[in-house]
Amino acid sequence: MAGSRSASLHRGTEQPLRHRTNYRELRRFTWLRWLGTVGSIFILVAGIGSGATPVVGNAFWDTPLGSFLGRMLVASTIVTFVGIGMLVVAWLGVGAFVFAGAKSRVTSVNTPMLMRAFAAWVIPIVFTAPLFTQDIYSYLAQAAIVERGIDPYSAGPVDLLGPNDPLARSVPLIWSHSPSPYGPTALSFAWAIAKVTGDGVIASVFLHRFVSIVSLFVVAWALVNLGRRCGVSPQFTLWLGILNPLVLLHLVGGIHNEALLLALLLSGLELCMRAIHGPARGMAPDGLPEPGSLAHPHSLDDASSVPAWRPWSLYVAGIVLISLAGMVKVTGFVALGFAGMWLARKFGSNWLAVVKSAVLTAAVAGATAVAVSVGTGLGFGWITAQGGAATVRSWMSLTTLLGIISGFFGRLLGLGDITEAAMAFTRGIGIVLVGAWMLRMLLATFRGRIHPLGGYGLSMFVLVILFPVVHPWYLLWAIVPLSAWANRVQFRTAVVVYSAVFSFVILPRGLGLPPSTVLQIYLLALLFFVAVMFVVVAYATRSKVFRLH
């Protein structure tokens, strides 16, 4: 009796203690959410002056306020970097909650809280100028080309629209004479926006950002379900794959169509997995079904009866979505192989099963490509229009960098300028290595050694590393899928460091400045960031609403 009363008293004191702990955690999470929101507001205001504004048709930037901000390029860039710093700190702080919850399996931070933080951080970015790139103006020009009934794969925007066209004048110089590298899915979305907005640049930018945000909500849904299949907590996969500052800054701020690509691809993979295994119920850490788990009655795992039409329709729908992703950027087609190999495991553990799966998957993908290419009237020029980006020399590309270094030593040895030949050689070797690695991942998927999501993510990682042209956001092709699969501390640490550092490597306008100016910007941004954080933390320690303790 005394022992029972003692245990009761212990539970009575433990519950309020746990309640106070949760309350402190929630208060700190709220403070971090507000910190990231204020950082996004800094980006909103300063991005108007430091971002990639259009050459013409910029109604707001022609106003006195817009003109004033535009003239203060250096000051606006510094404030933008201060806002990015606050956003990165908030993201890292939220990550501390996620990591702690992953270790203890108990956390007061749930997925709705993370999605509300995502909304709070991303909404201010919607209303600023395009950031870190001018690619959005290529999208607008290519949409205008489609709207006027011209083949976007025949020549560049300046060639097809004319050098005096308002939309063509804002296209980056390196893409002004290049045919569209994007497939009919991407151009169809851009064309639909052009039908609504006409030549309105600002309205078009907002609608493209709206598509990016909707796409990221679809990505969040897919990642949560895929993460459950791979033994990764929804909180972690949302934090790393959706709240990631690279995602916010480049897929929303920069309005890259990788958001649409990932939404179609990951939702397609989830539908394929749902067709084979049923709804996500939680899987082993290696991403394989838990031993002894019951098959869902509407999945191909259900061996007790002939599979019904529903799982097959889900698989076909998944392949259609992945094919549509490949018609945003052709790298999306790689996922077809991993979905097909996973299906082949259901047909049997032999090469005849691989052939059956390949025929089915290829038939659905081919029919989708033909239907979309013909139905949109864009034809098949997107297949042969690839490769224009290879003319760019990207310092982040390992194969390109090796080619440039080889050319430098060639000149030192008196061999002349062999840079182009060296780059062709190193890039060719890179393609061979990527092909070999992807084949290895496909075989590992077929043998059940790796989940198709992990196989695809690792393939994208190697592809980006050895790709002829690499931009900081390209690694999101791998980071976002792997956030729902990879659970090794080394990987997670590397991704966190990469995401935090590379949030600062590109100037908001996406163009270069003199080295002395760039150094001045970074030093002053660091100084002002420290000052702002000192004020914010000092206020938080005294505020009754936002105090940290």
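**Close-up views of a predicted helical model**

**Figure 1. Ile255 in the loop between two helices.** Ile255 is found in the loop that lies between α11 (245–253) and α12 (258–277). The model shown here and in the other views is predicted. Although Ile255 is not a glycine, its phi is positive, at about 60°. Most residues other than glycine have a negative phi. The relative accessibility of Ile255 is 2%. Because residues under 20% relative accessible area are classed as buried, Ile255 counts as buried.

**Figure 2. Phe132 in the loop between α4 and α5.** The loop holding Phe132 runs between α4 (111–126) and α5 (135–147). Phe132 has a phi near 70°, which is a positive value in a residue other than glycine. With a relative accessible area of 3%, Phe132 is buried.

**Figure 3. The packing of helices α14 and α19.** Two packed helices are described by the angle between their axes and by the distance between the axes. For α14 (residues 334–347) and α19 (residues 452–465), the angle is about 155° and the axes are 9 Å apart. Angles over 145 degrees count as roughly antiparallel, and therefore α14 is roughly antiparallel to α19. The crossing of these two helices, α14 and α19, is right-handed.

**Figure 4. The residues that join α14 to α19.** On the side of α14, the contact is made by Val334, Ala335, Phe338 and Trp342. On the side of α19, the contributing residues are Pro452, Gly455, Tyr456, Ser459 and Met460. Of the residues in this contact between α14 and α19, seven are nonpolar and two are polar, while no charged residue takes part.

**Figure 5. Two buried cysteines, Cys230 and Cys272.** Cys230 has a relative accessible area of 0% and is buried. Cys272 also counts as buried, at 0% relative accessibility. The structure as a whole holds zero disulfides.

**Figure 6. The protein chain as the setting of the close-up views.** The protein chain has 22 helices and zero strands. Of its 549 residues, 52% are buried. Among the contacts in the protein chain with a separation of 6 or more, 76% are between residues 24 or more positions apart.

Technical notes: Residues are numbered from 1 along each chain as its sequence is written. This is a predicted model: local features need pLDDT of at least 70, side-chain atom pairs count only at pLDDT 80 or more; totals for chains, interfaces and linings use all residues. Side-chain values use heavy atoms; hydrogens and water are left out. Axes are lines fitted to C-alpha atoms, for helices over the stretch in contact, and angles run from 0 to 180 degrees between N-to-C directions. Helices (H or I, at least four residues) and strands (E, at least two) are DSSP runs, numbered from the N terminus. Angles under 35 degrees count as roughly parallel, over 145 as roughly antiparallel, 65 to 115 as roughly perpendicular and the rest as oblique. A crossing is left-handed if the near helix is turned anticlockwise from the far one by less than a right angle, and right-handed if clockwise. Contact means heavy atoms within 4.5 Å. Ala, Val, Leu, Ile, Met, Phe, Trp, Tyr, Cys and Pro count as nonpolar, Asp, Glu, Lys and Arg as charged, and the others, Gly among them, as polar. A disulfide is a pair of cysteine sulfur atoms within 2.5 Å. Buried means under 20% relative accessible area, exposed over 50%, partly exposed in between (1.4 Å probe, protein chains only).
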